[in-house]
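These are my notebook entries on a structure with two chains. I set down what I looked up, entry by entry.

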Amino acid sequence: MILTATKISKSFGEAPNQTYALREVSFAVDFGEMLYIVGPSGSGKTTLLSIISGILRPDDGDVVVKDVDIWKLGSDALAGFRLQTIGFVFQDYHLFPRLATLENVAIPLILRREPWDKSLAKARKTLQVVGLAEKESLPPYKLSGGEQQRVAIARAIVAQPDLLIFDEPTASLDGDTGRKIVAFVKKHILNAQRAIIIVTHDSRIYEYATRIIHMEDGRIVPGTGVDHEK
Amino acid sequence: MNGLLRIALKLLLNDKGKFATLVIGTTFSVFLMMQMTSMFSGILYQSASNIVNVGARMWVMDPAVQTPQNSIPMPNYVLDAVRSIPGVKFAVPFYVGAGLVKLNDGTYQSATIIGLDDASLFGRPTIISGSITDIYQNNAFIMVKDANYAKLGSPKIGTSFEINDHRAVVVALAHTPVPGLFGLPTLYTTYNRATQDLPSTRYLISYILVQPKSTQDIAAIEQQVKQLGYLALTDQQFITRNDRFYEFQTGMGTNILIMTLISFLVGLSIAGETFYMFVLDNLEHFGALKAIGAKSGELVQMIVFQSLVVGFLGFGFGVLLSSTMIAIAKLKIANYAAMVTYENLFLALIMVLIISAFSSYIGIRKVIRIDPFDVFRG
């Protein structure tokens with residue numbers, strides 16, 4: 001297993017206005033999986049994603065990623081762990097508009113203190129993987145939505161993380177582009193040494209999941225999470 | 001350069017509008033601060049022109065004297081008493097006063113008259129035309145050729161006019177290192193002639209110029225002069241006394257300080273607000289960096305670096321601009337009182353560092369507080 005989440009609970013606010021976002025959620029993800037977490041707005045998907053990726057501290061429960069209980073790490077160690085182990089693709093991409101596409105992709109390597117030229121060389125190779133080598137010098141705002149998404153994917157995979165987290169990857173794309181992107185991810189990015197977790201409510205891309213967890217009211221809907229491909 | 005700092009630099013430089021606003025704002029602020037403080041330094045420097053030009057190691061004066069222009073005459077016995085102090089190599093009388101010059105066309109012009117010790121001519125200016133010994137001729141005066149030279153009709157050697165109804169003849173032209181502050185032409189003559197020709201009080205000696213035998217003797221001389229009821233100061237102490245007078249007893253220092261503070265606040269507000277907007281524009285991206293794995297300390301480093309780059313560029317351009325302006329003004333206006341000193345530069349640098357610190361502080365506060373979870377929440 002690359003990730004095991006056990007009895008994760010999270011609430012926001014103080015009583016009597018306290019809201020329970022997650023209630024004792026448990027699941028596991030194995031290498032080679034492309035797991036979808038789906039559900040309506042307010043079901044706790046994003047909260048769960050933030051907790052398993054080491055961004056939001058749970059009230060209760062454990063998250064073990066590659067045998068490390070991540071919420072037992074200090075904040076700097078946790079940031080370092082995220083940098084080494086997890087790649088993120090955000091819903092709004094969050095690419096720096098004032099940097100070239102190539103530099104945006106190289107950011108995780110630069111954060112890892114890799115030399116500038118070496119980082120750019122690796123970023124260039126990764127841009128080739130996502131088919132954007134010829135656009136490396138353009139700023140992201142000159143790219144289409146689909147291209148920006150691919151730049152964000154390149155940034156997420158450039159440091160070869162074991163776990164990739166996608167937050168609503170098709171939310172800003174038209175249906176066709178969204179499907180193409182996810183198909184591309186499954187074909188070229190997913191491999192036996194890596195797992196991908198995607199939070200989405202876009203049913204048009206469900207066909208690419210190896211497994212889907214449905215969430216509702218902060219809980220995993222019983223009976224979901226069965227391996228699609230078995 | 002560290003890759004993160006390189007990213008920070010690119011983020012800053014590629015946002016051309018904000019970058020230009022930041023640098024121009026800081027430059028303008030530094031320019032104003034430098035102009036204000038340089039003008040004040042120039043005024044102080046020129047107000048102490050007599051002290052610098054004469055070059056005496058020590059000056060003896062009445063304790064009420066604050067500036068070299070406003071002397072209080074001392075009786076002759078003080079000169080004898082000072083000469084008898086152990087440690088005094090020599091001591092000479094020095095006269096400084098104002099004379100009224102009547103020009104050949106009938107117009108009047110005030111002038112500073114300096115009377116040098118007849119025997120030694122100690123404190124004499126550098127002669128550029130004529131001979132210093134001609135000062136011993138009848139009615140002889142040496143004219144200083146500075147920015148105020150033309151006010152006496154640009155006299156040549158041999159030109160005559162009246163000073164306080166006495167005939168005066170220009171026998172030589174001279175140069176002094178520092179022009180006076182008050183825009184008056186300067187004439188040198190002997191001490192005896194000056195005290196004879198110019199209206200005077202009962203006592204005649206404006207200052208006694210003292211050369212100590214060694215630096216170690218200065219304290220003892222000061223003490224001995226104090227016992228006589230007078231004040232002995234080294235040239236540097238006298239310059240400082242003059243500076244303090246203009247700084248604290250004329251209102252000039254307060255006005256300059258207020259103007260400098262206003263300039264500082266202008267820079268602070270422009271740079272602070274623009275930098276805040278710059279950080280706000282990039283805030284969500286900083287949040288994304290945090291989510292990816294950047295530590296808060298690394299983001300702080302980036303912001304501090306950006307604000308320092310702006311600060312140092314603004315400082316450099318501001319100093320360059322103000323120095324150029326002062327140089328041009330000095331070419332056009334010969335007695336323009338402004339000078340860039342290390343103290344002014346240091347003060348401007350400190351102010352710029354405060355501007356940078358303030359700007360980065362408000363940016364850092366925002367970046368430290370951003371929760372990467374907000375990046376997921378949108």
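**Entry 1: a hairpin in chain A**

I began with the hairpin that strand 1 and strand 2 of chain A form, with six residues between the two strands. In its turn I noted Gly13(A), which has a positive phi of about 80°. I record here that the model is a predicted one.

I then looked up how the two strands pair. Strand 1 of chain A and strand 2 (residues 19–29) of chain A run antiparallel and share seven bridges. For individual positions, I found Thr4(A) opposite Ala28(A) in strand 2 of chain A. I also found that Ile8(A) has Val25(A) as its bridge partner in strand 2 of chain A.

**Entry 2: the sheet around the hairpin**

I next asked which other strand pairs with strand 1 (residues 3–12) of chain A. Strand 4 (residues 60–65) of chain A does so, in the antiparallel sense and over five bridges. Within strand 4 of chain A, Val63(A) is the residue opposite Ala5(A).

These strands belong to an open sheet of four strands in chain A, ordered 2-1-4-5, with antiparallel pairing. Strand 2 and strand 5 (68–69) of chain A each have a single partner strand and stand at the edges, so one side of each lacks a neighbour in the sheet.

**Entry 3: a second sheet in chain A**

I recorded another open sheet in chain A, in which six strands follow the order 6-7-8-3-9-10 and the pairing is mixed. Its edge strands are strand 6 (86–89) and strand 10 (219–220) of chain A, each pairing on one side only.

Inside this order I checked strand 3 (residues 34–38) and strand 8 (residues 195–200) of chain A, which pair in the parallel sense over five bridges. Met34(A) has Ile196(A), in strand 8 of chain A, as its bridge partner.

**Entry 4: chain A as a whole**

I counted six helices and ten strands for chain A. Its C-alpha atoms fill a box of roughly 50 × 40 × 35 Å along the principal axes.

Of the 230 residues of chain A, 47% count as buried. Among its contacts with a separation of 6 or more, 69% are between residues 24 or more positions apart.

**Entry 5: chain B as a whole**

For chain B I noted eleven helices and ten strands. Its radius of gyration is 29 Å, well over the 21 Å that the globule rule gives for 378 residues, so chain B is more spread out than a compact globule. The C-alpha atoms of chain B fill a box of roughly 95 × 50 × 35 Å along the principal axes.

Buried residues account for 43% of the 378 residues in chain B. Of the contacts in chain B with a separation of 6 or more, 82% join residues 24 or more positions apart.

**Entry 6: helix 7 of chain B**

I looked up helix 7 (residues 235–248) of chain B, which has 14 residues. From first C-alpha to last it reaches 20 Å, close to the 20 Å expected at 1.5 Å a residue.

Which residues of helix 7 of chain B are buried? They are Phe238(B), Asn242(B) and Tyr246(B). Viewed down the axis of helix 7 of chain B, the buried residues fall within an arc of 75°, so they line one face of the helix. The spacing follows a general rule: an α-helix has 3.6 residues a turn, so residues three or four places apart point the same way. Gln236(B) and Phe248(B), on the other side of helix 7 of chain B, are exposed.

I also looked up what covers the buried residues of this helix. The cover includes helix 2 (16–47), helix 3 (49–54), strand 1 (58–61), strand 10 (231–234) and helix 8 of chain B.

**Entry 7: where the chains meet**

Finally, I examined the interface, where 22 residues of chain B are in contact with 26 residues of chain A. On the chain B side, helix 1 (3–14), helix 8 (252–292) and helix 11 (372–377) each supply at least two residues.

How values were computed: Residues numbered from 1 in each chain as written. Chains lettered and ligands numbered in written order. Predicted model: local features only at pLDDT ≥ 70, side-chain atom pairs only at ≥ 80, totals over all residues. Contact = placed C-beta atoms within 7 Å. Expected span 1.5 Å × (residues − 1). Buried ≥ 20, exposed ≤ 12 C-beta atoms within 10 Å, placed from the backbone. Arc of directions from axis to C-beta. Pairing = 2+ DSSP bridges. Rg over C-alpha atoms; globule rule 2.2 N^0.38 Å.
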